[in-house]
Amino acid sequence: MQFHPATVQSRATSPLGAVRLAASPQGLVGLWFDGQRHQPTPLLDGPGAWPEVADHSLMQEAAGQLQQFLRSERRAFDLPLDLSGGTTFQQEVWRELLAIGCGATATYGDLSRGLGRPRAVRAVGAAVGRNPISVVVPCHRVLGADGSLTGYAGGLDRKGALLAIEGERPRTLDLLAV
């Protein structure tokens, strides 16, 4: 992935674990749970990491909206997004994810058909897995063809918890004890 050179980052906490946020001058470019697969670790930690900006207004707003969402006080996010870090195809898939409303789910096949590429299910799955803006771009709402919880870079426990928050799955203490 190629991110804007002026990208900055911050940290936040959530009931589902610590998160890293990143923003470019165009919008939010990342929201990753710590340890999430496909997070850009060299850009988050170490000598080449993006600068940390604790008082960045967009990332503060994103963290606040995430907290509201996780407390079931918000059903949609209202944030400028910068999806330009992905390929053209990935961006198409991520925009398709944005069309899945809170409390609804879709399958990878649904997404590929919605993109007019019914045979690209695996490519769609790979793009969903590389979504850099977890929760806000709702990749957690994508299920396997049989309705099963499959492939979530933040972990299946978190995926189940997010769906439970949205009312899509029964809420249990096990799901929320992440």
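Me: Which residues of helix α6 are buried?
Reply: In this predicted model, helix α6 runs over residues 156-165 and is mostly covered, with eight of its ten residues buried. A residue counts as buried when its relative accessible area is under 20%. The residues of α6 that count as buried are R158, K159, G160, A161, L162, L163, A164 and I165.

Me: What percentage of the residues of the chain count as buried?
Reply: The chain exposes about 8,400 Å², of which carbon and sulfur atoms supply 52%. Among the contacts between residues at least 6 apart in sequence, 56% join residues at least 24 apart. Of the 178 residues of the chain, the part that counts as buried is 48%.

Me: Are α3 and α5 roughly parallel or roughly perpendicular to each other?
Reply: The axes of α3 and of helix α5, which covers residues 121-129, come within 9 Å and cross at roughly 75°. Angles of 65 to 115 degrees count as roughly perpendicular. The two helices, α3 and α5, are therefore roughly perpendicular.

Me: How do the residues of the contact of α3 with α5 divide into nonpolar, polar and charged?
Reply: On the side of α3 the contact is made by F89, Q90, V93, W94 and L97, while α5 brings in A123, V124, A127 and V128. Sorted by kind, the residues of this contact are eight nonpolar, one polar and no charged.

Me: Is I100 buried or exposed?
Reply: I100 lies in the loop between α3 and β4, and its C-alpha atom is 9.6 Å from that of L111, eleven residues apart along the chain. Leaving aside neighbours within four places in sequence, I100 is in contact with T105, A106, L111, P138, R141 and V142. Its relative accessibility is 8%, so I100 counts as buried.

Me: Which residues does Q26 contact, leaving aside its neighbours within four places in sequence?
Reply: Q26 is found in the loop between β2 and β3, and with a relative accessible area of 47% Q26 is partly exposed. The C-alpha atoms of Q26 and A6 are 9.9 Å apart in space, although the two residues are 20 residues apart in sequence. Contact means heavy atoms within 4.5 Å. Beyond its sequence neighbours, the contacts of Q26 are with H4, P80, L81 and D82.

Me: What phi does H38 have, and what phi does S72 have?
Reply: Most residues other than glycine have a negative phi. H38 sits in the loop between β3 and α1 and is partly exposed at 39% relative accessibility, while S72 lies in the loop between α2 and α3 and is partly exposed at 43%. Although it is not a glycine, H38 has a positive phi of about 70°. S72 is not a glycine either, and its phi is positive, at about 60°.

Me: Which residues does Q39 touch, not counting those up to four places away in sequence?
Reply: Q39 lies in the loop between β3 and α1, and with a relative accessible area of 15% Q39 is buried. Leaving out residues up to four places away, Q39 touches W32, F33, D34 and L44.

Me: Is A145 buried or exposed?
Reply: A145 is found in the loop between β5 and α6, and its C-alpha atom is 7.0 Å from that of G109, 36 residues apart in sequence. A residue counts as exposed when its relative accessible area is over 50%. Since its relative accessibility is 81%, A145 counts as exposed.

Technical notes. Residues are numbered from 1 along each chain as its sequence is written. This is a predicted model: local features need pLDDT of at least 70, side-chain atom pairs count only at pLDDT 80 or more; totals for chains, interfaces and linings use all residues. Side-chain values use heavy atoms; hydrogens and water are left out. Helices (H or I, at least four residues) and strands (E, at least two) are DSSP runs, numbered from the N terminus. Buried means under 20% relative accessible area, exposed over 50%, partly exposed in between (1.4 Å probe, protein chains only). Axes are lines fitted to C-alpha atoms, for helices over the stretch in contact, and angles run from 0 to 180 degrees between N-to-C directions. Angles under 35 degrees count as roughly parallel, over 145 as roughly antiparallel, 65 to 115 as roughly perpendicular and the rest as oblique. Ala, Val, Leu, Ile, Met, Phe, Trp, Tyr, Cys and Pro count as nonpolar, Asp, Glu, Lys and Arg as charged, and the others, Gly among them, as polar. Accessible areas come from the Shrake-Rupley method with a 1.4 Å probe; for residues, only the protein chains shown count as cover.
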